[in-house]
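Keep the structure open beside you as you read.

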Amino acid sequence: KSDIDGDALTGGYIFSLDKQPNAWYSSFPAPKSTNQSFPHFSYVYPKETDIVEQQKTYIKKQVDDFEAALNSSNFQDPMIGVRKYADLNSFMDYFIVNEISRNVDGYRLSSYFNKDRDSKNSLIKAGPVWDYDLSFRNANYCNGSNVNGWAFQFNDVCPGDGAGLVPFWWEKLFTDSNYVKDLHKRWTQQRTSVLKTANLNQVIDSIVQLTDEARQRHFKRWPILGQYIWPNPNPIPNSYTEEISYLKVWLDQRLSWIDQNLPKQIKANWSES
């Protein structure tokens, strides 16, 4: 509460987009919204109970300026555009995590962003990532279990969702030629290293082994294998082994779809590629 002026006022902050806003609303409506939805922000750090007026005013202005710059016709200008306010490399990584997992809540709920003190880094960053229980083929609504399609285009599928819609940021970034080229480069680099399908399968297998003893106790206490638990998609796996098999097949198909559809450069019909 004493950090109310100078460099101390400029950070650090964490804010989010979520179901129960306690901060402010965006000035820009969510694209495709049928219910006049405006993305709503929440204070995460400092907490709502701790943050003071000077800090509220500061972080809101930073986000307002970021959104205004991204929405402007000069948004690609390196000096006055979105890059003046946001670390787009962090937005690329945030995009990759949400798209690999086809997170039905991604970008619109439990979506966290942070800003450090200006003396360390003056840019808004996407992250930390959080809340992936309805991802990786685990949501039977709004195309959440599909291997195809972009998760950030949630508003195209469920434009009247009352919990929250995706802000315009992600669609606008896909019209930024340098962002798209850098994103494709980043994706290609990661797919030849940590995001190799074999590497991801190895991570899955290691977690299967790590949780073996606890898993036995879990399913003894909650015998739910083979049963529908909201919002599981069909078909419902009948065993844990089958659950892992379904996950691996889905993940392989999802990665392949992104490989084939992530644009290398701006195209007029990029969303239909």
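In helix α6, the buried residues are Y179, V180, L183, H184, W187, Q190 and R191, where buried means under 20% relative accessible area, exposed over 50% and partly exposed in between (1.4 Å probe, protein chains only). They lie on the same side of α6, because they cover an arc of only 135 degrees around the axis; the arc is that of the directions from the helix axis to the C-beta atoms. Helices (H or I, at least four residues) and strands (E, at least two) are DSSP runs, numbered from the N terminus. This is a predicted model, in which local features need pLDDT of at least 70 and side-chain atom pairs count only at pLDDT 80 or more, while totals for chains, interfaces and linings use all residues. Residues are numbered from 1 along each chain as its sequence is written, and side-chain values use heavy atoms, with hydrogens and water left out.

What covers that buried side? The cover of the buried residues of α6 includes α3, α5, α7 (197-210) and α9. At the start of α6, a side-chain oxygen of D176 comes to within 3.1 Å of the backbone nitrogen of N178. The end C-alpha atoms of α6 are 21 Å apart, in agreement with the 21 Å that its 15 residues should span at 1.5 Å a residue; the expected span is 1.5 Å times one less than the number of residues.

Leaving aside neighbours within four places in sequence, Y179 is in contact (heavy atoms within 4.5 Å) with R83, L88, F91, M92, F95, W170 and L173. Y179 also belongs to the largest nonpolar core, which has 61 residues; F66, F91, F95, W169, W170 and Y179 touch the most other members. Such a core is a set of buried Ala, Val, Leu, Ile, Met, Phe, Trp, Tyr and Cys residues joined through side-chain atoms within 4.5 Å. The most is given to this core by α3, with seven residues.

How enclosed is α3 itself? Since 11 of its 14 residues are buried, α3 is largely enclosed by the rest of the structure. Its buried residues pack against α2, β3 (111-115), β4 (124-126), α5 (169-173), α6 (177-191) and α9 (240-261). At the N-terminal end, D87 caps α3, with a side-chain oxygen 3.1 Å from the backbone nitrogen of N89. After α3 comes R102, whose phi is positive, near 50 degrees.

Now for the loops. S110 sits in the loop between α3 and β3 and counts as buried at 9% relative accessibility. Beyond its neighbours within four places in sequence, S110 is in contact with L17, D18, Y94, W130 and D131.

D161 lies in the loop between α4 (154-157) and α5, and is buried with a relative accessible area of 19%. A polar atom of the D161 side chain is 3.5 Å from the backbone nitrogen of G164. Apart from neighbours within four places in sequence, D161 is in contact with N35, R108 and F154.

P46 counts as buried, at 13% relative accessibility. Although P46 and I14 are 32 residues apart in sequence, their C-alpha atoms are 7.3 Å apart in space. Setting aside neighbours within four places in sequence, P46 is in contact with G12, Y13, I51 and Q55.

Methods: Polar contact = N/O pair within 3.5 Å; in protein donor to acceptor, adjacent residues only side chain to side chain.
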